[in-house]
Amino acid sequence: LPLLLEATLLRLASGFHHPFYNGFYYNHLMNDKGNGQEEVDYFNGAKLVVETSKDPVYSSNGANVTLPCHYHYEPDMEAKPKIRIKWSKLRDDYTKEQDVLVAIGKTYMAFGDFQGRAHLRQVSRREASLVISDVRLQDDGKYRCEVIDGLEDESDVVDLQLQGIVFPYQPPRGQYRLNFHEAEQVCQEQGAILATFNQLFQAWSEGLDWCNAGWLADGTVQYPIRLPRKPCGGLHLAPGIRSYGPRHRHLHRFDAFCFSSGLRGEVFYLDHLAGMTLEEAKQSCQDAGAEIARVGQLYSAWKFLGLDRCNAGWLADGSVRYPITKPRANCGPAEPGVRSFGFPSKGRFGVFCYKER
């Protein structure tokens with residue numbers, strides 16, 4: 001019976017009278033004429049190659065960025081007119097997180113948060129580069145450029161890294177009070193997002209040392225240690241990122257590590273002789289055509305704009321802080337950083353305001 005079935009299938013296949021090309025064809029495809037006739041997409045003997053940047057592409061919040069992608073054939077041949085190009089954003093494990101853009105020729109469609117912000121740059125032959133305008137903090141990550149020519153499908157990955165700063169955050173009610181979703185929320189309220197592991201690792205390599213564990217974007221809880229000590233995992237452990245691994249996103253409570261990038265405006269300081277309450281501080285910023293600054297904005301101004309002020313000021317979350325780039329007497333520790341007075345219920349201080357350019 002198997003031999004009879006095989007012989008029958010061979011006779012049926014021979015009845016289709018397919019053109020012959022090296023004894024091999026891929027599949028039957030409906031043609032574009034819509035008349036029900038079949039056409040065959042043949043293996044053309046050329047290899048499709050897709051290439052992106054091997055080095056990360058760097059950008060910042062609010063900027064425009066191009067993720068390079070080109071394709072060619074080996075040996076060289078003319079591409080078909082209906083090449084399909086697809087861009088996807090990936091998770092850290094290279095699985096797909098979301099569709100970004102799909103294009104055929106000059107027709108394209110962007111998806112989700114990328115609508116109105118993403119398009120192809122095709123100024124050179126066989127280019128499939130992705131342009132993202134008004135870059136957002138959530139855009140940081142890996143992107144796959146996929147080129148589809150008939151049944152040929154090749155891709156490569158490019159890494160978009162936002163230049164930013166990671167800062168630990170505790171809410172006014174104290175240490176270890178945030179579940180994962182609350183941590184996401186407090187970071188957003190401070191003009192930031194939950195940091196990724198790669199962002200935390202970069203911050204650690206630049207000197208971040210923090211003994212309190214905090215949520216990261218993947219739902220793990222970790223903390224960076226430069227100087228090993230007893231309360232921070234013990235003296236026997238080498239410097240590095242300490243990890244509690246994945247935690248329950250609703251039940252477990254920790255601090256948060258937030259990530260903020262470059263600013264679209266400026267942070268400046270206002271003061272009165274007698275200082276201000278928090279409400280007076282908010283009004284002073286409004287009178288100046290600005291708004292009271294958020295914690296992420298102060299950290300970004302300190303790192304990227306060199307903001308240095310040895311006067312404490314209110315921020316939007318009710319905390320009082322001040323940024324120091326040049327340590328000096330009476331301005332806190334000997335290292336640069338953003339100093340914090342916590343969340344005073346009383347007291348009169350200056351205020352840090354933020355104004356869009």
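Me: Where buried means under 20% relative accessible area, exposed over 50% and partly exposed in between (1.4 Å probe, protein chains only), what percentage of the 357 residues in the chain is buried?

Reply: The model is predicted: local features need pLDDT of at least 70, side-chain atom pairs count only at pLDDT 80 or more, and totals for chains, interfaces and linings use all residues. Residues are numbered from 1 along each chain as its sequence is written, and side-chain values rest on heavy atoms, with hydrogens and water left out. Of the 357 residues in the chain, the buried share is 42%.

Me: What percentage of the accessible surface of the chain belongs to carbon and sulfur atoms?

Reply: Accessible areas come from the Shrake-Rupley method with a 1.4 Å probe, and for residues only the protein chains shown count as cover. The accessible surface of the chain is about 19,400 Å². The share that belongs to carbon and sulfur atoms is 53%.

Me: How many strands does the secondary structure of the chain hold?

Reply: Helices (H or I, at least four residues) and strands (E, at least two) are DSSP runs, numbered from the N terminus. On this basis the chain has five helices. The strands number 25.

Me: Beyond four places in sequence, which serine is in contact with Leu67?

Reply: Contact means heavy atoms within 4.5 Å. Once neighbours within four places in sequence are set aside, the residues in contact with Leu67 include Val57, Trp87, Leu130, Ile132, Tyr143, Val158 and Leu160.

Me: Which residue in β8 stands opposite Arg84?

Reply: Strand β7 (residues 84–90) and strand β8 (residues 96–104) run antiparallel and are joined by seven bridges. The residue of β8 opposite Arg84 is Ile104.

Me: Which residue in β11 is the bridge partner of Thr66?

Reply: A three-strand open sheet has the order β5-β11-β10, with antiparallel pairing. Its edges are β5 (65–67) and β10 (118–121), each with a single partner strand, so one side of each is left without a neighbour in the sheet. Three bridges connect β5 with strand β11 (residues 129–132). The partner of Thr66 in β11 is Val131.

Me: How many residues apart are Cys187 and Cys258?

Reply: A disulfide is a pair of cysteine sulfur atoms within 2.5 Å, and the structure holds five. Cys187 and Cys258 form one, with sulfur atoms 2.1 Å apart. Cys187 lies in helix α2 (residues 180–189) and Cys258 in strand β19 (residues 255–261), and their separation in the chain is 71 residues.

Me: Is the disulfide of Cys285 and Cys353 left-handed or right-handed?

Reply: The sulfur atoms of Cys285 and Cys353 are 2.0 Å apart, and both cysteines are buried. The torsion about their S-S bond is about -80°, so the disulfide is left-handed.

Me: Is Cys310 buried, partly exposed or exposed?

Reply: Cys310 forms a disulfide with Cys331, the sulfur atoms being 2.0 Å apart. Cys310 lies in the loop between α5 and β22 (313–314) and Cys331 in the loop between β23 (320–324) and β24 (337–340), so the pair ties together parts that are 21 residues apart in sequence. Cys331 is buried, with a relative accessible area of 3%. Cys310, with a relative accessible area of 26%, is partly exposed.

Note on methods
Two strands pair if DSSP finds at least two bridges between them.
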